[in-house]
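Hi,

Here is the structure I said I would pass on. My notes on it follow below.

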Amino acid sequence: MLNNDELAKLHTNQRLFIIEMQSRGIDVEVIYNEMELIKAEYGKHIEWILDRDSSITPYSVSIICGDKYITKKILQRSEISVPTGEMFYPNEAQLSIFYARKIGFPVVIKPVFGSHGDHIYMDVENEKELKNIVKEVFVKDIGKPFIIEKQFEGKEYRVFLTKNGDYAVLHRDPAHVIGDSNHTILELIELENEKRKVRINSLCPIAIDEITEVYMNKNNISLSDIPKENEKVYLRHNSNVAKGGLCIDYTEQIHPSVIENCKKILDTFSGLSYVGIDYMSKDIKQNQTPDMYNIVEVNTVPGIHMHMRPSLGTPRNIAKYMVDMIFPETVEVKND
C-alpha cells in the first residue's frame with residue numbers, strides 16, 4: 001500500500017483514484033512518477049494504468065477523442081448536436097476567415113489538440129479580431145491545426161457516465177469575483193487566490209492572462225474597478241476549472257434527457273466504459289431537444305477531483321464508478 005508521502009507526489013486525480021483502489025484491497029505500485037504509470041493488482045488480475053487509461057480503454061477511441069475535429073465529425077454522424085465548425089491548417093488562415101464570415105460571428109477558435117482551456121478564444125466578433133488571433137497564435141506561436149466554430153450560447157457542464165449507468169454532473173461556472181464595494185477587481189482576485197492556496201476542494205487559482213484581458217476589454221471592465229456589494233463580475237467566458245472556474249454539483253437537477261444524450265455518445269464510441277462529456281445547454285433542467293444543447297468535447301480520461309470535491313454541492317465518488325468498471329470483481333468487496 002502506498003504511504004502518504006508516495007501519494008503526495010501524484011496529482012490529485014490519480015491520488016483519489018489510487019485511494020479508492022487501495023480501499024478494496026487492490027495492490028498499487030507506482031512504476032514511473034512523471035508519467036503517473038501505476039501497476040494495480042488484485043489476485044491474478046493485473047492492470048497497467050497510465051493516468052486513468054487501463055486495459056478497458058480502447059486505444060483507438062482514446063486517440064480519436066483527443067482530436068476535437070474527428071470527435072465532432074463522429075458525433076455528427078450519430079445525430080448528436082455539436083457546434084457548426086471546420087478545421088484549418090496554419091497555411092489556410094485566409095480560408096478560415098472566409099469560413100467564419102459564412103457561418104457568422106461570434107465564433108470560437110480553438111486548437112484541434114489541447115486541454116485545460118489553453119488557446120481557446122470565445123466571443124470572437126469580427127474578421128479583424130479573428131485574423132489577429134489566427135496569425136499571432138495559431139500561425140506564429142502554435143503552428144498547428146485549429147477549429148473555427150459558431151459560438152453556442154449556453155451554460156457549461158461536465159457529465160460523467162459509465163456503461164453501468166452511474167453518472168455525476170457538474171455545472172462549471174467561469175472564473176469570477178463577488179464585489180464588496182471596497183476592493184478592486186484585482187484585489188478581490190488576490191484575496192480569493194489566497195484562500196485557494198489551501199486545496200480543500202477543486203478550486204484552482206483565478207488566472208489573469210491574455211484571455212482575461214480580452215474578455216475584460218470587450219466588457220468594459222478594468223482590474224482597477226470596484227464592484228458593488230454582491231455584484232458578480234465574470235473574468236472570462238471559458239469555464240475551465242484550471243483557470244479558476246467553479247464546479248457546482250448538478251447531478252440531481254438535470255432533465256433525464258441529458259443522460260439519454262450522453263448514453264448515446266458512450267455507445268457511439270464502441271468499447272468505451274466511462275467518459276467525461278463537456279455539455280453545453282440552454283437549460284439543463286428542460287428536455288434536451290437538438291437545438292437545446294451542444295457537445296463540445298469527449299474525454300476518455302475524465303477528471304475525478306472536480307466531482308469528488310466540488311466547489312459547491314454534494315461530492316460524487318466517481319473514482320468508485322471507475323474502479324467498478326476496471327476491477328468489477330472488487331465491487332462486492334467494497335460494498336461489504
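Asp-51 comes out as partly exposed, because its relative accessibility is 30% (buried means under 20% relative accessible area, exposed over 50%, partly exposed in between, with a 1.4 Å probe and protein chains only). You'll find Asp-51 in the loop between β3 (45–50) and α3; helices (H or I, at least four residues) and strands (E, at least two) are DSSP runs, numbered from the N terminus. Asp-51 also has a positive phi of about 65°, although it is not a glycine.

Before going on, a word on where this comes from: the model is predicted, local features need pLDDT of at least 70, side-chain atom pairs count only at pLDDT 80 or more, and totals for chains, interfaces and linings use all residues. Residues are numbered from 1 along each chain as its sequence is written, and side-chain values use heavy atoms, with hydrogens and water left out.

Ser-181 is another non-glycine residue with a positive phi, near 65°. Ser-181 sits in the loop between β10 (176–178) and α7 and counts as partly exposed at 47% relative accessibility.

A cis peptide bond joins Phe-105 to Pro-106, with omega about 0°, and Pro-106 belongs to the loop between α5 (93–103) and β5 (107–111).

Now the helices. Which residues of α3 (residues 59–66) are buried? They are Val-61, Ser-62 and Cys-65. These residues are on the same side of α3, because they cover an arc of only 105° around the axis (the arc is that of the directions from the helix axis to the C-beta atoms). Among the elements covering them are α4 (68–77) and β14 (293–299).

The axes of α3 and α4 come within 5 Å and cross at roughly 105°. Axes here are lines fitted to C-alpha atoms, for helices over the stretch in contact, and angles run from 0 to 180 degrees between N-to-C directions. The two helices are therefore roughly perpendicular to each other (under 35 degrees is roughly parallel, over 145 roughly antiparallel, 65 to 115 roughly perpendicular, and the rest oblique). Ile-64, Cys-65 and Gly-66 of α3 make the contact with Lys-68, Ile-70, Thr-71 and Ile-74 of α4, where contact means heavy atoms within 4.5 Å. These residues divide into four nonpolar, two polar and one charged (Ala, Val, Leu, Ile, Met, Phe, Trp, Tyr, Cys and Pro count as nonpolar, Asp, Glu, Lys and Arg as charged, and the others, Gly among them, as polar).

Then there is α2 (residues 12–22) with α11 (residues 318–326): their axes come within 9 Å and cross at roughly 60°, which makes α2 oblique to α11. On the α2 side the contact is made by Leu-16, Phe-17, Glu-20 and Met-21, and on the α11 side by Ala-319, Lys-320, Met-322, Val-323 and Ile-326. The tally for this contact is seven nonpolar, no polar and two charged.

Lastly, some single residues. Ser-273, in the loop between α9 (256–268) and β13 (274–281), is buried at 13% relative accessibility. Not counting residues up to four places away in sequence, Ser-273 touches Ile-56, Leu-161, Thr-162, Lys-163, Leu-266 and Met-325. Asp-267 is in helix α9 and is exposed, with a relative accessible area of 51%.

Cheers
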